[in-house]
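This report describes a predicted model, beginning with a charged patch on its surface and then turning to the core and the overall fold.

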Amino acid sequence: MSANCIFCKIVKGAIPSFKVLETELSYAFLDVGPLARGHALVIPKEHAEFMHQLSDASLADILPVAKKVAKALNAPNYNILQNNGKLAHQVVPHVHFHIIPKPNEEEGLGVGWPTKEADKDDMKKLADELVAKIQQQ
């Protein structure tokens with residue numbers, strides 16, 4: 001845990017939260033600045049700023065927790081959001097997954113998805129590079 005991290009302080013109980021679920025490795029609570037009623041966060045108790053820095057054990061625990069929270073919300077439409085880095089809109093430098101109900105067009109997450117045409121040769125080259133790097137891990 002990090003001494004200055006707001007989410008680590010929440011896990012330790014130094015900052016109050018509205019906890020909805022806790023496991024040995026994860027902690028889920030309601031977001032204090034919700035985009036919709038029921039907006040929750042699932043965080044690992046292990047401190048890491050980026051998802052790829054987390055242990056596999058923490059990662060394996062987080063999604064089942066997110067699933068339980070999503071099922072409890074009983075929202076027919078919802079987003080699961082996880083950002084890594086300031087440019088990717090990560091505000092708190094501790095891995096966290098948002099579960100955001102989307103009850104209507106006005107509430108919940110609004111997303112723009114500016115797609116662009118992809119060069120198939122470049123995609124093939126990139127896929128080959130990624131496969132090689134993954135096999136080296």
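Asp119, Asp121, Asp122 and Glu129 together form a negative surface patch. Such a patch joins like charges within 9 Å, using residues with over 30% relative accessible area and no salt bridge, a salt bridge being a side-chain nitrogen of Lys or Arg within 4 Å of a carboxyl oxygen of Asp or Glu. Asp119 lies in the loop between β5 (97–101) and α3 (120–136). With a relative accessible area of 45%, Asp119 is partly exposed; buried means under 20%, exposed over 50%, and partly exposed in between (1.4 Å probe, protein chains only).

The largest nonpolar core has 13 residues, of which Val42 and Ile99 touch the most other members. A core of this kind is a set of buried Ala, Val, Leu, Ile, Met, Phe, Trp, Tyr and Cys residues joined through side-chain atoms within 4.5 Å.

The most is given by α2, with five residues.

The chain holds three helices and five strands, taken as DSSP runs (H or I, at least four residues; E, at least two). Their order from the N terminus is α-β-β-β-α-β-β-α. Of the 137 residues in the chain, 32% are buried. The C-alpha trace spans about 50 × 40 × 25 Å along its principal axes.

Residues are numbered from 1 along each chain as its sequence is written. In this predicted model, local features need pLDDT of at least 70 and side-chain atom pairs count only at pLDDT 80 or more, while totals for chains, interfaces and linings use all residues, and side-chain values use heavy atoms, without hydrogens and water.

Technical notes:
Patches are made of residues with over 30% relative accessible area and no salt bridge: like charges are joined within 9 Å, nonpolar side chains (Val, Leu, Ile, Met, Phe, Trp, Tyr) within 5 Å. Accessible areas come from the Shrake-Rupley method with a 1.4 Å probe; for residues, only the protein chains shown count as cover. Lys and Arg count as positive and Asp and Glu as negative; His and the chain ends are not counted. The place of a charge is taken as NZ of Lys, CZ of Arg, CG of Asp or CD of Glu.
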